[in-house]
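Then look for open space between them.

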Amino acid sequence: MTYHELFATLVGLTAFASYLNDRYLKLPKTIALTIISIFIAVGTSLVSSSLPHYVGPVYQLVKSVDFKTAVLDVMLGYLLFASGLHVNSIELKKEITPVIYLASLGVIISTFLTGYMLYYVAGIFEIRFTLGECLIFGALISPTDAIAVLGTFKSIKNPPVRLKTLITGEGLFNDAGAILMLVILSQVVYENVHLTVGHVAESLLVETGGGILWGVLVGMFTSWFIKRSRSPEVATMISIAASSCGYVIANHLHVSGVITMVVAGLIIGGYSKKAHFSEESTLVLNNFWELIDEILNGFLFVLIGLAMLNIHVDNSAITIGLVCIIIVFVARLLSILVPDFILGQILRRRASFSLSKSTLLAWGGIRGGLSIALALSIDGFPDGLVAITYVVVLSSILIQGGTFKWAISKLARE
């Protein structure tokens, strides 16, 4: 199967699903594409057995899509760059303190709370996962997906500005913290690596600090070239080169490609908003990356639906997965309240978030394709936990994404 055939199949399915939603369903795009692609996956799977000569090749083509490679190696860098480019950097700067501690300390708290609760719940159902494997699950399911969150916000008219800034800003940065936690825990569980505080601190400094530094360099150099380019088309090509090469080089330098893309996107977006570029270049850049964001978002949610062809979801995975929705929500709520309380005690100030705002932040922490890709990327990770990850992500998109607008109307007060 050639890459061109796979790409053509993905484009065709995304266009078909988008048309059905635009013409008939009129649901939030993230939810509609996921549901339609699930029906496509189930339909081709059922029909392929009865019509192997006609539908079989289509089924094999759809099944052969490599979710992990498509998301982690190809799409993630562009999506985060586009998201960083369009984030309101002025509003983000106002909320940078809670965003940073939610994306760092919040992820750590959520990882361990989720892991320990899952370990005991799995024991009740007599399913034997090790504590280490449950903690790995906690790490890969803890980050909120900035792409899924932004996709949900696009369906809400006039969302609360601070809420949107906090959730999207945290979603952009907490991927890096979760990936670092995942790498450390995987080394301990599967490679028997003995980690010291010094080793963890060194990894954190290299991954995070290096990602920030490389992201600043990519963003500054790209902005310099765009400012001096005379053609909007050249400026756009420079931005594509920055997002492509910046992410690849970051991985070769063993620094966080996630942070690199977010920082670079924020810097370039900030320059464009301050009129450092020509008006034409700014307009073309924004329109181009908004279109790329829409297309790749569509691909991602279609891929989430199609992923069920390669993940065996049985009754136990569904049962524990639905319980894990509650576990993950509780862990996230506590990961918001605890750091906020600690910081309030240190700074001797009132908590930044009331219980209702914290609940809304927790409910808006939608999980997405990154969690599935991370689960599939770990050698030796139990198939049962991969299936549970898929159930949690799917439930998060459909339940939290589907009710988030209602939750805002009930809990948000600006």
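Contact here means heavy atoms within 4.5 Å. Keep that cut-off in mind, and remember that this is a predicted model.

Start with α15 and α18. In α15, the residues that meet α18 are Ala317, Ile318, Ile320, Gly321, Leu322, Cys324, Ile325 and Val328. On the α18 side they meet Ala387, Ile388, Val391, Val392, Ser395 and Ser396. Sort this contact by class and you get 11 nonpolar residues, 3 polar ones and no charged ones. Now look at the axes. α18 covers residues 383-411, and its axis comes within 8 Å of that of α15. The two cross at roughly 55°. Angles from 35 to 65 degrees fall between roughly parallel and roughly perpendicular, so they count as oblique. α15 and α18 are therefore oblique to each other. The crossing of α15 past α18 is right-handed.

Stay with α15, which spans residues 315-347. This helix also packs against α16, residues 355-363. Their axes are 9 Å apart, at an angle of about 130°. That angle makes α15 oblique to α16. Here too, α15 passes in a right-handed crossing. Which residues make the contact? From α15 come Phe329, Arg332, Leu333, Ile336 and Leu337. From α16 come Leu355, Ser358, Thr359, Leu361, Ala362 and Trp363. The classes are 8 nonpolar, 2 polar and 1 charged.

Next, find α8 (residues 131-141) and α10 (residues 161-190). Their axes lie 8 Å apart, and the packing angle is about 165°. Are they roughly parallel or roughly antiparallel? Angles over 145 degrees count as roughly antiparallel, and α8 and α10 are therefore roughly antiparallel to each other. α8 passes α10 in a left-handed crossing. α8 brings Gly132, Glu133, Leu135, Ile136, Ala139 and Leu140 to the meeting. α10 brings Ala178, Met181, Leu182, Leu185, Ser186, Val189 and Tyr190. In this contact, 10 residues are nonpolar, 2 are polar and 1 is charged.

Now turn to the open space. The second largest pocket holds about 620 Å³. Its lining has 20 residues. Nearest the centre lie Phe7, Leu10, Ala70, Val74 and Met75. Which gives the most? That is α14, with 7 residues. By class, the lining of this pocket has 17 nonpolar residues, 2 polar and 1 charged.

Note on methods: Residues are numbered from 1 along each chain as its sequence is written. This is a predicted model: local features need pLDDT of at least 70, side-chain atom pairs count only at pLDDT 80 or more; totals for chains, interfaces and linings use all residues. Side-chain values use heavy atoms; hydrogens and water are left out. On a 1 Å grid over the protein atoms alone, a cavity is a set of points where a 1.4 Å probe fits but cannot get out, and a pocket is an open set with protein on both sides within 12 Å along at least five of seven lines; lining residues have an atom within 4 Å of a point. Grid points are joined across faces, edges and corners, and a volume is the space filled by probe spheres set on the points. Helices (H or I, at least four residues) and strands (E, at least two) are DSSP runs, numbered from the N terminus. Ala, Val, Leu, Ile, Met, Phe, Trp, Tyr, Cys and Pro count as nonpolar, Asp, Glu, Lys and Arg as charged, and the others, Gly among them, as polar. Axes are lines fitted to C-alpha atoms, for helices over the stretch in contact, and angles run from 0 to 180 degrees between N-to-C directions. Angles under 35 degrees count as roughly parallel, over 145 as roughly antiparallel, 65 to 115 as roughly perpendicular and the rest as oblique. A crossing is left-handed if the near helix is turned anticlockwise from the far one by less than a right angle, and right-handed if clockwise.
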